[in-house]
Amino acid sequence: MIEVEALGKRFGNVTAVDGVSFSAADARITGLLGPNGAGKSTTLRTLYTVVKPDSGAARVDGHDVCAAPLQVRRCLGVLPHGAGLYPRLSARENIAYFGKLAGLRGQELQRRIDTLVDMLEMAEFQHRRAKGYSQGQRIKTALARALVHSPKNIVLDEPTNGLDVMATRALRELIRRLRQEGHCVLFSSHVMQEVAALCDDIIIIARGQVVASGSPDALRAQFQEQDLEEVFVRAIQPLEAKP
Ligand SMILES: Nc1ncnc2c1ncn2[C@@H]1O[C@H](COP(=O)(O)OP(=O)(O)OP(=O)(O)O)[C@@H](O)[C@H]1O
């Protein structure tokens, strides 16, 4: 369970996040949707404790991101934006490195990596060095790394960026499976169709503020509009139109 309360973050003159509140429940997929520069990554980075908020609070399974960052990281799996891999290590070694940081060892670690390699169809490239991986191979490896310690909560920053159709479908299936297993999945995107295809709950943000939220059906009803892309455009318009 992820809870964000009146979160605020500025970088110099730029207000990246301006009083954002929402929650993402267990066994549900929550989408954070917004145009470029809306504050999605900054909100997510606050959750995974690499950015300190100026105001407000955020908690993961009840652990405060400022007061208890280690506990937060333990129960959180993260696919950061533009996830970097160690280029000299193979996919398996990249995943193992993170697994060891999370306290996994020996047979248990190897079995967990086998499961992830199988689930994400990584067998063909698992032993190759990461240098030269395609975008899809990089994302799969980073995703496996995020999931290696079986975290209850999973945060994915634009996970389908650069993935082809088949890889996107596989990722969607994986996200649904994680929901079925009771995980809390929060992911960001600027593509409404993608969010609509997957999410139980949608939080739309623009200029660092939540402008609409609810299930896809609730949003359709609120805006009296069947097409969710139209809902998105109308929700962000008042703020985006401001100078
Ligand atoms: N480290 C930083 N230093 C200065 N400004 C920043 C920093 N990080 C984010 N910003 C600014 O904060 C605002 C929100 O950025 P953020 O990356 O959170 O948006 P986003 O919704 O994830 O956008 P995108 O979809 O383009 O990735 C932007 O104006 C951005 O330039």
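What share of the 243 residues in the chain is buried? Color by burial and you'll find that buried residues make up 42%, where buried takes 20 or more other C-beta atoms, placed from the backbone, within 10 Å of a residue's own. Before you click on, know that this is a predicted model: local features need pLDDT of at least 70, side-chain atom pairs count only at pLDDT 80 or more, and totals for chains, interfaces and linings use all residues. Numbering starts from 1 along each chain as its sequence is written.

Now switch to cartoon. The chain has 9 helices and 10 strands (DSSP runs numbered from the N terminus: H or I of at least four residues for helices, E of at least two for strands).

Next, select the open sheet. Its 6 strands run in the order S6-S7-S8-S3-S9-S10, with mixed pairing; strands pair if DSSP finds at least two bridges between them. S6 (76-79) and S10 (209-214) stand at the edges with a single partner strand each, so one side of each has no neighbour in the sheet. Zoom in on S6 and S7 (153-157): they run parallel, joined by 4 bridges. Pick Gly77, and its bridge partner in S7 is Ile154.

Last stop: the ligand. Select what surrounds it, including Phe11, Asn36, Lys40 and His190. Strand S2 (14-24) and helix H1 (40-47) each give two or more residues to this shell, and H1 gives the most, with 3.

Terms used
A residue is near a molecule or strand if its C-beta atom, placed from the backbone, lies within 6 Å of it. A residue is buried if 20 or more other C-beta atoms lie within 10 Å of its own, exposed if 12 or fewer, and partly exposed in between; C-beta atoms are placed from the backbone.
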